[in-house]
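Have the model open beside you as you read.

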Amino acid sequence: MLCLAVVVAAVVVRIVFATNQSYWIDEIFSVDQTSAGYRHLLDVGWTEVHTPLYTTLLWAWQLVGGPATAWTRLLSVLTG
């Protein structure tokens with residue numbers, strides 16, 4: 001029960017303070033990669049070390065909620 005309480009508290013704190021942090025360099029790259037459309041996302045994604053899976057999820061996430069920092073950061077928080 002204590003372990004569950006600690007995990008829930010950590011999740012709540014992470015979500016509440018997510019917008020107080022600036023983007024990390026990989027988040028900047030991912031948001032930039034999705035800003036020019038899906039074709040650009042794939043063009044850049046195929047040349048990267050990482051597959052474009054997360055960036056594709058971020059692109060779809062932005063279609064739902066827009067490119068605001070709080071919204072794009074929420075995907076990182078939820079997947080982290």
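Let us begin with D43, which is partly exposed at a relative accessible area of 42%. The classes used here are buried for under 20% relative accessible area, exposed for over 50%, and partly exposed in between, with a 1.4 Å probe and protein chains only as cover. D43 forms a salt bridge with R39, and their closest N and O atoms are 2.9 Å apart. A salt bridge here needs a side-chain nitrogen of Lys or Arg within 4 Å of a carboxyl oxygen of Asp or Glu. R39 is exposed, with a relative accessible area of 55%.

Why are D43 and R39 separated by about one helical turn? They are 4 residues apart in helix 3, so about one helical turn lies between them. In general, an α-helix has 3.6 residues a turn, so residues three or four places apart point the same way.

## What kind of model this is

This is a predicted model, in which local features need pLDDT of at least 70 and side-chain atom pairs count only at pLDDT 80 or more, while totals for chains, interfaces and linings use all residues. Residues are numbered from 1 along each chain as its sequence is written, and side-chain values use heavy atoms, with hydrogens and water left out.

## The overall layout

The chain has 5 helices and 0 strands, giving the pattern α-α-α-α-α along the sequence. Helices (H or I, at least four residues) and strands (E, at least two) are DSSP runs, numbered from the N terminus. Along the principal axes, the C-alpha atoms fill a box of roughly 45 × 25 × 20 Å.

Of the 80 residues in the chain, 25% are buried. The accessible surface comes to about 5700 Å², and carbon and sulfur atoms contribute 73% of it; such areas come from the Shrake-Rupley method with a 1.4 Å probe, and for residues only the protein chains shown count as cover. Among contacts with a separation of 6 or more, 41% are between residues 24 or more positions apart, where contact means heavy atoms within 4.5 Å.

## The buried side of helix 3

Which residues of helix 3 (residues 38-45) are buried? They are L41, L42, V44 and G45. These residues sit on the same side of helix 3, because they cover an arc of only 165° around the axis. That arc is taken from the directions from the helix axis to the C-beta atoms.

The buried residues of helix 3 pack against helix 2 (25-34) and helix 4 (53-65). On helix 4 you will find T55, which is buried at a relative accessible area of 6%. Leaving aside residues up to four places away in sequence, T55 touches S30, Q33, T34 and L41.

In helix 5, the buried residues are T72, R73, L75, S76 and V77. Their cover includes helix 1, helix 2 and helix 4.

The structure holds 2 salt bridges. Besides D43 with R39, the side chains of R73 and E27 meet at 2.8 Å, N to O. This pair links distant parts of the chain, with R73 in helix 5 (residues 69-79) and E27 in helix 2, 46 residues apart. Both R73 and E27 are buried.

## Aromatic pairs

There are 2 aromatic pairs in the structure. Rings of Phe, Tyr and Trp (its six-membered ring) pair if their centres lie within 6.5 Å; planes under 30 degrees apart count as stacked, over 60 as edge-to-face and the rest as tilted. Y38 and W59 form a tilted pair, 4.6 Å centre to centre with 45° between the planes. Y38 lies in helix 3 and W59 in helix 4, so the pair ties together parts that are 21 residues apart in sequence. Y38 is partly exposed at 32% relative accessibility, and W59 is partly exposed at 25%.

W61 and W71 form a stacked pair, 4.3 Å centre to centre with 10° between the planes. W61 lies in helix 4 and W71 in helix 5, so this pair ties together parts that are 10 residues apart in sequence.

## A nonpolar patch

M1, L4, V8, V12, V13, V16 and F17 make a nonpolar surface patch of about 730 Å². Patches are made of residues with over 30% relative accessible area and no salt bridge, joining like charges within 9 Å and nonpolar side chains (Val, Leu, Ile, Met, Phe, Trp, Tyr) within 5 Å. V13 is in helix 1 (residues 2-16) and is partly exposed, with a relative accessible area of 45%.
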